Amino acid sequence: MADTCVKIKGTTTAAGATISASNFDRAHFVRIQTQAAANTITLKNAGGSTLGTLILVAANDSIIIEKEESDTLQTSGNAVGVAVSSPR
């Protein structure tokens, strides 16, 4: 992740809490960093149907997820997230 360059496009979510159905101000790309081990990230469409899930295995793992503007992300454990530009 250290070699990836992105622009920050929003304010990070609060630390020490789960992310609950956020579209991150309709962002296309969102960086999520887990604060808990075995944290499930769920992507849902605007209607609430699950489009996919993934697990960040270790605390401090992170990923940039591409999504549609109306899609939401949520986590099963504590994590922080922020809207970012397309990774370069």
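Contact means that heavy atoms lie within 4.5 Å of each other. Keep that cut-off at hand for the exercises below. The model is predicted.

**Exercise 1. Which residues does Ala79 contact, leaving aside its neighbours within four places in sequence?**

Solution. 
Step 1. Skip the neighbours within four places of Ala79 in sequence.
Step 2. Apply the cut-off of 4.5 Å between heavy atoms.
Step 3. Place Ala79 in the fold. Strand 6 spans 79–84, and Ala79 is one of the residues of the largest nonpolar core.

**Exercise 2. How many helices and strands does the protein have, and what pattern do they follow along the sequence?**

Solution. 
Step 1. Count the elements. There are 0 helices and 6 strands.
Step 2. Read along the sequence. The pattern is β-β-β-β-β-β.
Step 3. Check how far apart in sequence the contacting residues are. Take the contacts with a separation of 6 or more: 76% of them join residues 24 or more positions apart.

**Exercise 3. What radius of gyration would a compact globule of 88 residues have, and what does the protein have?**

Solution. 
Step 1. Start from the chain length. For 88 residues, a compact globule would have a radius of gyration near 12 Å.
Step 2. Compare. The protein has 12 Å, so the two agree.
Step 3. Along its principal axes, the C-alpha trace covers about 35 × 25 × 20 Å.

**Exercise 4. Which residues make up the largest nonpolar core, and which elements give two or more of them?**

Solution. 
Step 1. Find the share of buried residues. They make up 31% of the 88 residues.
Step 2. List the core. Its 12 residues are Ile19, Phe24, Ala27, Val30, Ile32, Ile41, Leu43, Leu56, Ile65, Leu73, Ala79 and Ala83.
Step 3. Assign the elements. Strand 1, strand 2 and strand 6 each give two or more residues to this core.

**Exercise 5. Phe24 and Ala38 both have a positive phi. Is each one buried or exposed?**

Solution. 
Step 1. Read the angles. Phi is near 50° for Phe24 and near 55° for Ala38. Neither residue is glycine.
Step 2. Locate them. Phe24 sits in the segment before strand 1 (29–34). Ala38 sits in the loop between strand 1 and strand 2 (39–44).
Step 3. Use the cut-offs: buried is under 20% relative accessible area, exposed is over 50%.
Step 4. Decide. Phe24 has 6%, so Phe24 is buried. Ala38 has 53%, so Ala38 is exposed.

Terms used: Residues numbered from 1 in each chain as written. Predicted model: local features only at pLDDT ≥ 70, side-chain atom pairs only at ≥ 80, totals over all residues. Heavy atoms only, no water. Helix = DSSP H or I, 4+ residues; strand = E, 2+ residues; numbered from the N terminus. Rg over C-alpha atoms; globule rule 2.2 N^0.38 Å. Buried < 20%, exposed > 50% of the residue type's maximum accessible area, 1.4 Å probe, protein only. Core = buried A, V, L, I, M, F, W, Y, C linked by side-chain atoms within 4.5 Å.
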